[in-house]
Amino acid sequence: MDLHIHTNRYSGCSNLDPSALLRKARDVGLDGIVLTEHGIRWSDENLRELVEASGVKDLLVLVGQEVACYTPRGEFQGEFLLFGYPRSLGSSRSLEVILKLVHGEGGVVIAAHPFKKIISANGDGFYGAGHLVYEYDLDGLEVAHPSYDRESTALAEEAMRKRNLAGIGCSDAHDLMSVGLCRSVFPDPVTDMEGLCEAIRERRVKAISMKAV
Ligand SMILES: [Zn+2]
């Protein structure tokens, strides 16, 4: 499965048409995808319409969301994938609040690209949670991501081991070419969002990258 994808329906930064995405996901051999727009969760009805209109069968299409978190003082805490929360959460809350809300609904919170490097004059130079993954009650983190170099991957794998987190692989696709570049492999079949959350909570998932690092 590819658990982190943006479409142009709700993410202004993406040029990925939702129907084309579903066809592409099948073409590259994925069994399932999760739509993770910025701060917005697809409604179940819109999702149903999309799947019907696309004509794609045999692809599990689930919805989560990706939120940016900030402390009450406005400091960036990273971006996080939320699975299993039924409503859109926007991108203005703190990670503490997000964890309480999502765990309260039986969902999971995953650090999105915590060790993705950016050029910055201050902070630790990551566009993501960085070493905050050691301080919060997260369920998982992306250990395979197209933006990672060897060092980012090593940092993510180290955090996964030390914190006993689920390590997932995701494309973070904003265009057709990227769909499925990194993937999450589940040893047991996943058929719905509840099952996906359970597998992540129990760490029954492995990350793979199809891209040479
Ligand atoms: Zn993203």
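Is Ser 43 buried, exposed or partly exposed, and how many C-beta neighbours does Ser 43 have inside 10 Å? Ser 43 counts as partly exposed, because 13 C-beta neighbours lie inside 10 Å. The classes are set by counting other C-beta atoms within 10 Å of a residue's own: buried means 20 or more, exposed means 12 or fewer, and partly exposed is in between, with C-beta atoms placed from the backbone. Ser 43 lies in the loop between strand E2 (32–35) and helix H2 (44–54). Ser 43 and Arg 87 are 44 residues apart in sequence, and their C-alpha atoms are 8.3 Å apart in space.

The model is predicted: local features need pLDDT of at least 70, side-chain atom pairs count only at pLDDT 80 or more, and totals for chains, interfaces and linings use all residues. Residues are numbered from 1 along each chain as its sequence is written.

The chain holds five helices and 10 strands. Along the principal axes, the C-alpha atoms fill a box of roughly 45 × 35 × 35 Å. Of the 213 residues, 46% count as buried. Contacts (C-beta atoms, placed from the backbone, within 7 Å) were taken between residues at least 6 apart in sequence; 65% of them join residues at least 24 apart.

Five strands form an open sheet in the order E4-E5-E6-E7-E8, with mixed pairing. Strand E4 (65–70) and E8 are the edge strands, and each pairs on one side only. From one strand to the next, the twist averages 40 degrees. Pairing requires at least two DSSP bridges between two strands. E4 and strand E5 (residues 76–83) run antiparallel and are joined by six bridges. Ala 68 stands opposite Glu 79 in E5. Helix H3 (residues 95–104) lies across E4, E5 and strand E6 (108–111), at about 15 degrees to E5. Axes are lines fitted to C-alpha atoms, for helices over the stretch in contact; angles run from 0 to 180 degrees between N-to-C directions.

Ser 152, Leu 155, Ala 156, Ala 159 and Met 160 are buried in H4. They cover an arc of only 135 degrees around the axis, so they sit on the same side of H4. The arc is that of the directions from the helix axis to the C-beta atoms. The buried residues pack against strand E7 (140–144) and strand E8 (166–169). On the other side of H4, Arg 150, Glu 151, Arg 161 and Lys 162 are exposed. Just after H4, Asn 164 takes a positive phi of about 50 degrees.

Asp 172, not a glycine, has a positive phi of about 55 degrees. Asp 172 lies in the loop between E8 and strand E9 (182–185). Asp 172 is buried, because 23 other C-beta atoms lie within 10 Å. Arg 203, also a residue other than glycine, has a positive phi near 65 degrees.

Note on methods:
Helices (H or I, at least four residues) and strands (E, at least two) are DSSP runs, numbered from the N terminus. Two residues are in contact if their C-beta atoms, placed from the backbone, lie within 7 Å.
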